[in-house]
Amino acid sequence: MDIEHMSYNTVEFAPLENHPGHLVHYTWQDNILECVGDNDASVRIYVIDDAIMRVRYSTEGYFERDFSYAIDSNFSGNITDLHLEDFTDHLVIKTPKVHCRVSKERLTLKFTDPSGKIISQDEKGFHWEKNETYGGEIVKMSRVLQTAEAFYGLGDKPMNLNLRGKRVVNWGTDEYGYHRDTDPIYKNIPVFYGVHHGMSYGIFFDNTFKSYFDFASERQTVSSFWANGGEMNYYFFAGPDMLDVCTNYTLLTGTPEMPPLWALGYQQCKWSYYPESQVREICNKLREYEIPCDAIYLDIDYMDGFRCFTWDLEKFPDPKGMVADLKAQGFKTMVIIDPGIKKDKDYWVYKEGLKGNHFCRRADGPFVNGKVWPGECYFPDFTNPEVREWWATLYEELIGNIGVAGVWNDMNEPALFEVPSKTFPLDVRHNFDGEPCSHRKAHNIYGMQMARATYEGVKRFAGNNRSLVITRSGYSGLQRYSSVWTGDNLATWEHLALANIQVQRLSACGISFCGSDVGGFIDQPSGELFVRWVQLAAFHPFFRTHSSGDHGDQEPWSFGEENMLLAKKFIDLRYELLLYMYTTFYQYSQYGIPMVKSLIMLDTPDDEVKNRMDEFIIGDHILICPMLQHGITERHLYIPRGNWFDYWTDELLTGKHEYRVKANIDSMPIYIQAGAVIPKIPVMQFVGEKEISQIQLHIYHVNGKQESSLFLDDLDGYDYQKGQFELSKFIVEGNPDKLIIEQTKEGQFKSGHNYLIHLHGCPFTMGKIFLDGQEIQYNTSIEVDASFQKIEVFRR
């Protein structure tokens, strides 16, 4: 449907709906176009980058303070060419990647590519209703649905990857044991992507009020989004490739620092491991069975009566000694911290909070009083910078003295027990960084700001060590401070499939450092389900088993020796691929590239992948297709464009085809892209157990050219930010008669390793091989110095 020449009088508005009037004047300066209508409603369009425009509407001719928790203050776009054209009935802003047409009739917008192809256009466009209950407006936007348009994004929604036909809500909710299509759940990530006619775009609706998104659910020709308050304020990202759109959104909202390498290892958690003797027993068994593991978690039962920042000294008589002993075994200790502070006149955190006026209050002045794990609690206002600073100082004992390595924030939607809303009353007041507001505006960012305060405290007291912060709830941009998990899932095959979808969705929305509770948090999985879940999670950035102790044990040995060994096989594989994962994280941290990519990102024009949600790419070159049903040993999968080698057999498969493949319980379909260079290291029981003196490079033949990279540094600390890193870039070029591998390096770090090179998939019998111009011999591998520049392999 094209409404370019349609009279907007034919678009029907409800009786209480208002819309901008006819353009009376406009200004154009500093890359900002402001248009004012004859009813004072106005629009500002900011050109931020050749592919990014920001759109703000005002209903009364003025704009409020420009503030966002989501936007990374370090973001800087690139504008190479920009100009405005004025026509009789419209204005057009033009960049090399997108044109924005502004109608003079109702200030509606249409985005096209430079050739004139419609990317996205308004239907009613911006319109609003007065909010008679709370004041302000209910702000709305409706857009024309393009032919065969598909939609993706919106964070952790537990539903099909393509959201077409769905209506969803962003209002962070503690939804214990959610199911497919449960909505809302924990996170509030208001960015979505549209794909049609081989091109993609994105819209980030930066509004923290309760918001709604309708993708042709109510009207089959319209998509829309709206919020119960605030401003119609969104960012438009032009493609055409969805990967570029996701990357630009991620850069706009920020990327995290590099994690320590151990944070990408396997982690063991349970509600709850206690007393100290049980924690030690679990760690000893992990080492006894040689199951690699880098972190052990303490849930709420380590605390004194669930009081945050305390220890139950009967269960844990010497926390510092225990943490030190576990560290000597190679385990980092992680602890949980919730926002609820127990009302207890003898509790030091409570007393400090009262004295500093750090707790949230109701509209008429009383503190918010809600029940969570400790009983009645008060709750810090994390939207207040002074409160965040206070909260950060509370970590000195845990991190700086006892030696805890990282923190896990839970219950921060915020969640309350025994109230129908499951959260704060809407009249609760928040500072909102100097813009006082109600909980209606602050609810969706509460968890993110708690994670921010935690991150600042943990980093402050961790010395030169990088650390790990995890949050259950948050808003766009949370990835600057924290990793996430997908919440209280179930030990079911449905939830295994949902975990796969949710991680893909979160990664597309800027939050790559994510994972699920392996095996399911609620109930106990079968051995088969646990093994299949480990297989999938071994290729998710955050890799942690977590479960509720009410439902049985969930350590790898809990399902018998056979299943333990099957799980261990894939945990081992994760450790072999740690440098691949680390390099993938570097690309995310440095360039905003999602770590996990749905197939629609890899090949946006391919209609076959629009509804594919089982297969995904981790990093640049590894394709995964998990086994998601009970009892199956075969399945269909789709191989995307290009050629791909079976990881287990080196069989070559041609892309853009569907195949039926076998994968017994000891296997999972894994494919390596032709031309890839995959680094592997020997299995260690924990990061740092062994010095990395040799890196295997598994190099796959290609007819054409392919690029790969390998990032190395000290694997912890912050010297990498000062140039102390080594980035090796590989170009593999081949044809039926030869294979050439070239390497260049950047950075000042000297890693001291060498390479052991394995060649895969050469379609010819190898003859002469040259290393930097000198002929060498090849048997099953080549050991070379890591500084090599060129390897040439020729047909005999």
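**Burial and the model**

A residue is called buried when its relative accessible area is under 20%, exposed when the value is over 50%, and partly exposed in between. The structure described here is a predicted model. By the burial cut-off, Asp 603 is buried, because its relative accessible area is 6%.

**An open sheet and the helix across it**

An open sheet is built from 8 strands in the order β1-β2-β3-β4-β18-β15-β14-β11, and the pairing is antiparallel. Its edges are formed by β1 (23-29) and β11 (150-153); each of these has a single partner strand, so one side of each has no neighbour in the sheet. From one strand to the next, the twist averages 20°.

Within this sheet, β4 and β18 are joined by 6 bridges in the antiparallel sense. Helix α1, residues 242-253, lies across β4, β11, β14 (191-196), β15 (199-205) and β18. The helix runs at about 25° to β15.

**Salt bridges**

With a salt bridge counted when a side-chain nitrogen of Lys or Arg is within 4 Å of a carboxyl oxygen of Asp or Glu, the model has 56 salt bridges. One of them joins Glu 231 to Arg 56, with 2.7 Å between the closest N and O atoms. Arg 56 belongs to strand β4 (residues 52-58), whereas Glu 231 is in the loop between β17 (222-227) and β18 (232-238), so the pair ties together parts that are 175 residues apart in sequence. Glu 231 and Arg 56 are both buried.

Lys 656 and Asp 603 also meet through their side chains in a salt bridge, at 3.0 Å from N to O. Lys 656 is in the loop between β39 (652-654) and β40 (657-662), and Asp 603 is in the loop between α12 (599-602) and β35 (616-618); the pair therefore ties together parts that are 53 residues apart in sequence. Lys 656 counts as partly exposed, at 42% relative accessibility, whereas Asp 603 is buried. Elsewhere, a network of salt bridges links Asp 174, Asp 410, Glu 413, Arg 472 and Asp 488.

**Strands β44, β45 and β46**

Strands β44 and β45 run antiparallel and are joined by 9 bridges. Gly 704 has Gly 734 as its bridge partner in β45. The pairing of β45 with β46 is likewise described as antiparallel, over 9 bridges, and a hairpin of 2 residues joins these two strands. In this pairing, Glu 742 of β46 is the bridge partner of Ile 731.

The side chains of Lys 729 and Glu 746 form a salt bridge, with 3.0 Å from N to O. This pair links distant parts of the chain, 17 residues apart: Lys 729 is in β45 (residues 726-735) and Glu 746 in β46 (residues 738-746). Lys 729 is partly exposed, with a relative accessible area of 34%, and Glu 746 is partly exposed at 35%.

His 701 is placed in the loop between β43 (694-700) and β44 (704-712). Is His 701 buried or exposed? Its relative accessible area is 4%, so His 701 is buried. Leaving aside residues up to four places away in sequence, the contacts of His 701 include Phe 645, Ala 674, Gly 675, Gly 734, Asn 735, Lys 738 and Leu 739. Also among them are His 760, Gly 761, Cys 762, Pro 763 and Phe 764.

**Helices α8 and α9**

Two packed helices are described by the angle between their axes and the distance between the axes. Helix α8 (residues 493-508) and helix α9 (residues 527-537) have axes that come within 11 Å and cross at roughly 5°. The two helices are therefore roughly parallel. At their contact, Trp 493, His 495, Leu 496, Ala 499 and Asn 500 of α8 meet Glu 528, Leu 529, Arg 532, Trp 533 and Leu 536 of α9.

**Cysteines**

A disulfide is a covalent bond between the sulfur atoms of two cysteines. With a cut-off of 2.5 Å between the sulfur atoms, the count in this model is 0 disulfides. Cys 35 is in no disulfide, and the nearest cysteine sulfur, that of Cys 100, is 9.0 Å away. Cys 35 is buried, with a relative accessible area of 0%.

Technical notes. Residues numbered from 1 in each chain as written. Predicted model: local features only at pLDDT ≥ 70, side-chain atom pairs only at ≥ 80, totals over all residues. Heavy atoms only, no water. Buried < 20%, exposed > 50% of the residue type's maximum accessible area, 1.4 Å probe, protein only. Helix = DSSP H or I, 4+ residues; strand = E, 2+ residues; numbered from the N terminus. Contact = heavy atoms within 4.5 Å. Pairing = 2+ DSSP bridges. Axes fitted to C-alpha atoms, helices over the stretch in contact; angles between N-to-C directions. Parallel < 35°, antiparallel > 145°, perpendicular 65-115°, else oblique.
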